[in-house]
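Please keep the structure at hand while reading.

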Amino acid sequence: MIKVFLFAGTTEGRRLAKRLGAADIPVAVSVATEYGALVLEEAGLGDSVTVLRGRMTEEEMEAKLRETNPLIVVDATHPYALAASENIRNAAGKAGIPYLRLKRKTKDAPSRKVFMFTNPDTLVAALKKTTGNILLTTGINMLKEFADEELKKRLFVRVLPGEESLKVCEENGIRGRQIIAMQGPFSQEMNRATIHSYDIRHLVTKQSGRSGGFEEKIFAAQETETAVYILGAPEEEGISYGEVLDRLGELLSVDLRDTVTITFSLVGIGPGDREFLTEEGRRVIEEADVLFGAERMVEPYKNTKQVFPYYQGEEILPRLEQLLREARQKDPHVRAAVLLSGDSGFYSGSAGLIFYLSNWRRRMLLSDEGRFSMQIRTIPGISSVQMLAARLQERWDTAYIDSLHGEGDEAFNRVLRELPRRKRVFLLTSGSGDVKRLLAWVRQQGGHRPRYSLYAGYRLTYSDEVIYGEEGDRPGLGIEDAKITPFPDIIPDGLYVVMIRNSEPEEEDTEENVQHTLGISNDAFLQKQGIPITKEEIRTIAISKLRIHEPAVIYDIGSGTGSFAVELGRVLRDSRIFAIEKEPERAELIRKNVKHLNAASVAVVEGEAPDILDILTPPTHAVIGGSDGKLLSILQSLFRISPECRVVVTATTLETKAEIASLLSGQLPVEYELADPEYVEINLSRSRKLGKYRSLKAENPVAILAFRFSRKPGA
């Protein structure tokens, strides 16, 4: 028995047929042409879908509906097929079968060089007043109106590659190269290529929906300065694709909601000028439905895209949730991108964004929001450091690289400590103020053989690019080919990237300076009175008990100074480490140590365990230092979200050691047991100078418990 009789003719109609077929619902799908039937069959509709070919009169429709006796009729024909819709509606009414009209949502177009018309006659009249080639994308049903003797010679027609389309073109005198027989919808890139290939000056289109490729035509025309003539969609009653799925689901007692897919791309757009955007980045931006980014970055796209001047996770997520709600009623695939300056993985906000997006994805998957999937992609770009290095013909792979952007005096002083040791230093800056301070410092070093050369790249890649320079005694071999301008008395405002070359470095920049083993000295950490730090030897033993295999997700709970997280972040290259700390003062100190010791894979999470754990990516490993009396509830939360997690607990207080003893005894009312537990207690003494002798001073004894969870029998 046929349950749904579907009159298709649009992309939405094909999607609906495929969705019903996937649910194994008996459907009859009627299409007007052989080519339409071929497209449907190639889509793989399933055995429950029957495709009917050929145009039908109202009487034939009524007879077919009486014969098949479906529960409901869905009209998904083109919004311009007014006569067909009227016939379907009348036939369904006479046969006594409920009728639904699937209304395609049309899009408004940007106003620049775009002209709207309500009927073909006035549009044709407007075209007659122009010169240059015309691309007609309205299909064969309107070809006769446009194949006027005055227009015919400059008309290029894009039609479906079917026999009927070619026949209509022939009948109207459109032949050979004038026929572009292709199956759409088409990408912006394909539309742009067609416009260039056929030297198109005027593009004619219907005001169809997004699934019909309307936006891609408009954006390509905007890029190529092509005039657009739009035949407005007739006003009609109907409901959206998502609402049709909901109605059919209620009628058939089945969940037909589509899986909504969000593709979110983090795109490095390069140092500035759009010519330095990679081809992959350009393609992703073209395909995106919505763009996020700083206002100056999204400004060039505001006439062709939906743009939001946001780049922080907390600002982006509410917009994504709105897009998700809209997608459930429209197109189930949302393509979003955030534009990041330079390279997306080089001093950008990508790490924080991935953290926000990953946790949001996890919450959405767990919530009752229906089917949902999300892919997060990172598209690299060219950094301003790479660009300045290329301009100066200098290496940057062995250089010391840092950022002063928004970092203040602490970062500036850190860089000053590095400059005497390094041969090359590249710096991202907050603007001309940083450049002035660096220039003043270089000049103070002076001497009869100044060892420092300073170069500042201003607005690199733009037409007004300048490289300012003040050179020491040995500026470098490649500098002579670069165009260097002496620093002016007043340095212009703007963003700069800086290179400082030291002709007599105290320590060569080599890979040997990178840490590969455990054991950061306690003195290497920034410390604060009253904030605890786990000592180097305890850290090393505790980390060895974690038995880490990369890639891993590691929690450092009660992070304090951040010594565990930073130690791991310096050694592990392919893992993610979360330093979890509830006290704001301590969290700020951890952030400083992450930057100070270059532990880029560490994310600082300000919040209290176990409450904060639910929003994070589930861990493979966890180390618990400070538990504030909540050890058992933290362990219960870890077991719930990641029952395969390996845990290490360190304890110095008698209370925590007592909890550990209770855990080891297996007498506590919890759902888990400790699998293969290891317990050690370490008494550490450290030497100190006492006059001309050295004595030992005992540190607090530390207990270390390591284990995996195992569910209790019957729990």
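## Leu635 and the nonpolar cores

In this predicted model, Leu635 is in contact with Ile624, Val647, Leu663, Tyr672, Phe707 and Phe709, once its neighbours within four places in sequence are set aside. Leu635 belongs to the largest nonpolar core, which has 34 residues, and together with Tyr555, Leu613 and Leu638 it touches the most other members. Helix H21, covering residues 631-641, gives the most to this core, contributing six residues.

Apart from that core lies another, made up of 28 residues and including Leu546, Leu568, Leu597 and Ala706.

## The buried side of helix H18

Helix H18 (residues 536-546) has as its buried residues Ile538, Arg539, Ala542, Ile543, Lys545 and Leu546. These residues lie on the same side of H18 because they cover an arc of only 155° around the axis. An α-helix has 3.6 residues a turn, so residues three or four places apart point the same way.

The partners against which the buried residues of H18 pack are helix H19 (563-571) and the strands E26 (621-624), E27 (646-651), E28 (672-682) and E31 (702-711). After H18 comes Arg547, whose phi is positive, near 55°.

## The crossing of H18 and H19

The axes of H18 and H19 cross at roughly 65° and come within 11 Å, and the crossing in which H18 passes H19 is right-handed. On the H18 side the contact is made by Arg539, Ala542 and Ile543, and on the H19 side by Ser563, Phe564, Glu567 and Leu568. Sorted by class, this contact has four nonpolar, two charged and one polar residues.

Notes. Residues numbered from 1 in each chain as written. Predicted model: local features only at pLDDT ≥ 70, side-chain atom pairs only at ≥ 80, totals over all residues. Heavy atoms only, no water. Core = buried A, V, L, I, M, F, W, Y, C linked by side-chain atoms within 4.5 Å. Buried < 20%, exposed > 50% of the residue type's maximum accessible area, 1.4 Å probe, protein only. Helix = DSSP H or I, 4+ residues; strand = E, 2+ residues; numbered from the N terminus. Contact = heavy atoms within 4.5 Å. Arc of directions from axis to C-beta. Axes fitted to C-alpha atoms, helices over the stretch in contact; angles between N-to-C directions. Left-handed = near helix turned anticlockwise from the far one by under 90°. Nonpolar A, V, L, I, M, F, W, Y, C, P; charged D, E, K, R; others polar.
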